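The points are grouped by topic and may be read in any order.

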Amino acid sequence: MTEIELSSLDGRYEGHRLRDRAAEARLLAAIAERGIAEPLEGVDERERHVLLNGFKRWRCARKLGLASVPYLSLGEDAALGIVALLRASNDRSLGLLEQAGFVDELKRLHALSVAEIATALSRSKAGVSLRLGL
């Protein structure tokens, strides 16, 4: 884990995550009081850090005018970072629609087949197809 400049984060996947304004308001108050306890997670592409997990913390940090945030890199490959995030989704409580957005990203932009995604995620092809159908 390292501290990085908030401005170096790329939030292109923000639309894949659902927003909860009440939870975000509570988090804003907690961060204002105690700081960011859990690092934001992403992948390092070129000179940018592409955010995959921690969008509420990212928005709160921007609202509070923080210059830097704790960050944990999941590697340099976006597809592998997304796979790591989805594999841990049970622990991180990614909703089905959030999972669907990331699975679609793997299929469309990273050109992975349903079988490749299923193997990478240790899930069935039917489970991957279900998410792609959402």
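Which residues form a nonpolar patch on the surface? The first point takes up this question.

1. Surface patch. Leu18, Leu96, Leu97, Leu130 and Leu134 form this nonpolar patch, with about 490 Å² of accessible area together. Patches are made of residues with over 30% relative accessible area and no salt bridge, like charges being joined within 9 Å and nonpolar side chains (Val, Leu, Ile, Met, Phe, Trp, Tyr) within 5 Å. Areas come from the Shrake-Rupley method with a 1.4 Å probe, and for residues only the protein chains shown count as cover. Leu96 belongs to helix H5 (residues 96-108) and counts as partly exposed because its relative accessibility is 40%.

2. Basis of the model. The model is predicted: local features need pLDDT of at least 70, side-chain atom pairs count only at pLDDT 80 or more, and totals for chains, interfaces and linings use all residues. Residues are numbered from 1 along each chain as its sequence is written, and side-chain values use heavy atoms, with hydrogens and water left out.

3. Of the 10 residues of H3 (residues 78-87), 7 are buried (under 20% relative accessible area; exposed is over 50%, partly exposed in between; 1.4 Å probe, protein chains only). Among them are Ile82, Val83, Leu85 and Leu86. Helices (H or I, at least four residues) and strands (E, at least two) are DSSP runs, numbered from the N terminus. Asp77, in the loop between strand E5 (68-73) and H3, caps the N-terminal end of the helix, with a side-chain oxygen 3.1 Å from the backbone nitrogen of Ala79. Asp77 is partly exposed because its relative accessibility is 34%. The C-alpha atoms of Asp77 and Glu45 are 7.1 Å apart, although 32 residues separate the two in sequence.

4. Aromatic pairs. The whole structure contains 2 aromatic pairs (ring centres of Phe, Tyr and the six-membered ring of Trp within 6.5 Å; planes under 30 degrees apart are stacked, over 60 edge-to-face, the rest tilted). The pair of Tyr13 and Phe102 is tilted because the planes lie at 55°, with the centres 6.0 Å apart. Tyr13 is in the loop between strand E2 (9-10) and helix H1 (21-34) and Phe102 in helix H5, so the pair ties together parts 89 residues apart in sequence. Phe102 is buried, at 0% relative accessible area. Phe55 and Trp58 form an edge-to-face pair, 6.0 Å centre to centre and 80° between the planes. The charged end of Arg62 sits over the ring of Trp58, 4.2 Å from its centre (NZ of Lys or CZ of Arg within 6 Å of the ring centre and within 35 degrees of the ring normal).

5. Salt bridges. A search of the whole structure finds 9 salt bridges (a side-chain nitrogen of Lys or Arg within 4 Å of a carboxyl oxygen of Asp or Glu). One of them joins Arg17 and Glu98 at 3.3 Å, N to O. Arg17 lies in the loop between E2 and H1 and Glu98 in helix H5, so this pair ties together parts 81 residues apart in sequence. Arg17 counts as buried, at 16% relative accessibility, and Glu98 is buried at 7%. Within helix H5, Asp104 and Arg108 lie 4 residues apart, about one turn of the helix, and their closest N and O atoms are 2.7 Å apart. A network of salt bridges links Glu14, Arg19, Glu24, Arg59 and Lys63.

Technical notes:
Polar contact = N/O pair within 3.5 Å; in protein donor to acceptor, adjacent residues only side chain to side chain.
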